[in-house]
Amino acid sequence: MTQITKDTIIGDILDICPDAAPLFLEIGMHCLGCPASRGETVEQACMVHGTDADQLIEKLNAIIK
């Protein structure tokens with residue numbers, strides 16, 4: 001995975017970069033082990049948790065590199 005987008009699945013992100021978990025916890029996504037949440041896209045998670053997807057994506061991409 002070279003770049004995270006709004007369509008990237010959360011489970012895929014966590015599989016390649018477990019260090020990204022705290023960023024999801026910061027937006028209130030405390031159910032990272034739940035199969036449903038791991039199958040959501042970044043955009044879906046941000047919508048549910050009232051967070052700006054673009055800001056989270058920027059942080060995620062910085063951590064992945």
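Helices are DSSP runs of H or I with at least four residues, and strands are E runs of at least two.

**Figure 1. Overall fold of the predicted model.** The protein chain has five helices and zero strands. Read along the sequence, the pattern is α-α-α-α-α. Along the principal axes, the C-alpha atoms fill a box of roughly 25 × 20 × 20 Å. The radius of gyration is 10 Å. A compact globule of 65 residues would have a value near 11 Å, so the protein chain agrees with that expectation.

**Figure 2. Burial and contacts in the protein chain.** Of the 65 residues, 37% count as buried. Contacts between residues at least 6 apart in sequence were examined for their span. Among these, 58% join residues at least 24 apart.

**Figure 3. Surface and charge of the protein chain.** The protein chain carries 4 positive and 10 negative side chains. The centres of the two sets lie 3 Å apart. Side chains of opposite charge can pair when their charged atoms come close.

**Figure 4. Close-up of the salt bridge between Asp54 and Lys6.** The closest N and O atoms are 3.7 Å apart. This falls within the 4 Å cut-off for a salt bridge. Asp54 lies in helix 5, residues 53-64. Lys6 sits in the segment before helix 1, which covers residues 10-16. The pair therefore ties together parts that are 48 residues apart in sequence. Asp54 is partly exposed, with a relative accessible area of 47%. Lys6 is also partly exposed, at 31% relative accessibility.

**Figure 5. Close-up of the salt bridge between Asp15 and Arg38.** The side chains meet at 2.6 Å, N to O. Asp15 belongs to helix 1 and Arg38 to helix 3, residues 35-38. The pair links distant parts of the chain, 23 residues apart. Asp15 has a relative accessible area of 54% and is exposed, because exposed means over 50%. Arg38 is partly exposed, with a relative accessible area of 27%.

Methods. Residues numbered from 1 in each chain as written. Predicted model: local features only at pLDDT ≥ 70, side-chain atom pairs only at ≥ 80, totals over all residues. Heavy atoms only, no water. Buried < 20%, exposed > 50% of the residue type's maximum accessible area, 1.4 Å probe, protein only. Rg over C-alpha atoms; globule rule 2.2 N^0.38 Å. Contact = heavy atoms within 4.5 Å. Lys, Arg positive; Asp, Glu negative; His and termini not counted. Charge placed at Lys NZ, Arg CZ, Asp CG, Glu CD.
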